[in-house]
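I opened my notebook to look through a structure that was new to me. I wanted to go from the whole down to single residues.

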Amino acid sequence: MANEYYLAIDIGATNTRIAIGSRNGIINKITYRTPREGNELSIPVKIYEEIKKNYGKYIDQIKAVGIGTIGPIDLRRGRVVNTPNLPIHTFELRDPLMEWLKKPVYVLNDAVSGAWGEKFFGLGRNYSNIVYITMSTGIGGGAIVNDHLLLGKMGNAHEIGHIVVKYDSDIKCGCGGYGHWEAYAGGANIPRTARVLAEKYKPLIETEAYREALRGELTPPKLFEYFRRNDLFAKYVVEEIIDASAAGLATTINLYDPEVVTIGGSIYLYNQDILKEPIIRKALKHLVTEPPIIDTTPLGGDIVLYGALATAINPPEDLLRFYR
Ligand SMILES: [Zn+2]
């Protein structure tokens, strides 16, 4: 019984991943499709079944479980409420899993979990002030200020994707607002935003990206592919994404005064060669605070899992208040 293990769970709109790990990191992980049908218990039931099937023989050595999930969440009850990203909008996590597994179960919003992962396993190890930003389907963040993981009243702090980056913009965000960072740079919004930009654009030549954009079909993978082929319209759209992201990044830094900022998420990670240098260079012009270290997360696509693992091993003090 010398070995102590922990479980880490990353619940996304498409996939759920479960990992077993120790203080040294992730040892093994599995992935399955997040259930799309059922009731408030379907998602925790599936998690429990997968844990029993894959890691059942280690159950006595497992000390705790950490979860990073799509939000919004209600930390007081450890569950997801009214998420727009799954057909099962509201579901339980903490209470049934604690009852079935007989272990402590800690739930955080996924991007907030990412910041905690960065502190224990990533670039944040020697710092007390850390921000993690994810640029993916949406844009989100997590922040540690003076060693405190900031949670908010229900666990939904840091909706940084909805920072206004252009105040007189006609680019609409998924939330209904205009000119938000996520309206320009969130993967789910990019086809619609590219169409609005195409309708106003006066092309010298009608490029392929321009025609796809007019049809509302310029998805993020296509956009960056056309960019790499020097398509002029794709370059224009990517420039808008870079400028919006520089403004959003700068505002985030001005808000939290971090020592380290790491960036991840699929849109960013797959296109770092295009996005990283100009976003950072342009963001620095807007700062009032001393510039932090800004870099790509070394934890890549596993950052939320690492965050869940770090939460299981070392639950943040500010989270434990919700358990008393
Ligand atoms: Zn918004």
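My entries follow, one topic at a time.

**Entry 1: the model and its domains**

I noted at the start that this is a predicted model. I looked up the division of the protein next. Domain 1 covers 5–116 + 302–323, and domain 2 covers 129–297. I then took the centres of the two domains over C-alpha atoms. They are 27 Å apart. I also asked how many residues each domain gives to the contact. Domain 1 gives 18 residues and domain 2 gives 20 residues.

**Entry 2: where the domains touch**

I reminded myself that interface size is often given as the accessible area lost when the parts come together. Here about 1,500 Å² is buried between domain 1 and domain 2. Carbon and sulfur atoms give 68% of that area.

I looked at which elements build the domain 1 side. Those giving two or more residues are β5 (73–74), β8 (105–109), α3 (110–121) and α12 (317–320). Helix α3 gives the most, with five residues.

How many salt bridges run between domain 1 and domain 2? I found zero. Polar contacts do turn up across this interface, in three residue pairs.

**Entry 3: a helix inside**

I went to helix α11, residues 303–313. Eleven of its eleven residues are buried, so the helix is largely enclosed by the rest of the structure. I wrote down some of the buried residues of α11, among them I303, L305, Y306, G307, T311 and I313.

**Entry 4: salt bridges**

Side chains of opposite charge can pair when their charged atoms come close. I searched for such pairs in the whole structure. It holds 21 salt bridges.

I picked K29 and D302 to begin with. Their closest N and O atoms are 2.7 Å apart. K29 sits in strand β3 (residues 25–33), while D302 sits in the loop between β13 (293–296) and α11. The pair links distant parts of the chain, 273 residues apart. Is D302 buried or exposed? D302 counts as buried because its relative accessibility is 17%. K29 is partly exposed, at 40%.

I followed this pair further. Salt bridges that share partners join D10, R17, K29 and D302 into one network.

My next pair was E40 and R79, whose side chains meet in a salt bridge at 3.5 Å, N to O. E40 lies in the loop between β3 and α1 (42–55). R79 lies in strand β6 (residues 79–80). E40 is partly exposed at 35% relative accessibility, and R79 is buried at 12%.

The last pair I took was E225 and R229. Their closest N and O atoms are 3.3 Å apart. E225 counts as partly exposed, with 37% relative accessibility.

**Entry 5: backbone angles**

Most residues other than glycine have a negative phi, and most peptide bonds are trans. I looked for exceptions.

Which residues does a cis peptide bond join? I found G71 and P72, with omega at about -5 degrees. P72 lies in the loop between β4 (62–69) and β5.

N146 has a positive phi of about 50 degrees although it is not a glycine. I placed N146 in the loop between β10 (139–145) and β11 (148–149). N146 counts as exposed, at 53% relative accessibility.

D147 also has a positive phi, near 70 degrees. D147 is in the loop between β10 and β11. Its relative accessibility is 40%, so I put D147 down as partly exposed.

**Entry 6: an asparagine between helices**

I ended at N271, in the loop between α9 (266–270) and α10 (272–284). N271 is buried, at 8% relative accessibility. What does the side chain of N271 reach? I found the backbone oxygen of I267, at 2.8 Å. Leaving out residues up to four places away in sequence, N271 touches F224 and R228.

Terms used. Residues are numbered from 1 along each chain as its sequence is written. This is a predicted model: local features need pLDDT of at least 70, side-chain atom pairs count only at pLDDT 80 or more; totals for chains, interfaces and linings use all residues. Side-chain values use heavy atoms; hydrogens and water are left out. Domain bounds come from an automatic or database domain assignment. Contact means heavy atoms within 4.5 Å. Buried area is the accessible area (1.4 Å probe) that two parts lose on being put together, summed over both. A salt bridge is a side-chain nitrogen of Lys or Arg within 4 Å of a carboxyl oxygen of Asp or Glu. A polar contact is a pair of N or O atoms within 3.5 Å; within protein, one must be able to donate a hydrogen and the other to accept it, and residues adjacent in sequence count only if both atoms are side-chain atoms. Helices (H or I, at least four residues) and strands (E, at least two) are DSSP runs, numbered from the N terminus. Buried means under 20% relative accessible area, exposed over 50%, partly exposed in between (1.4 Å probe, protein chains only).
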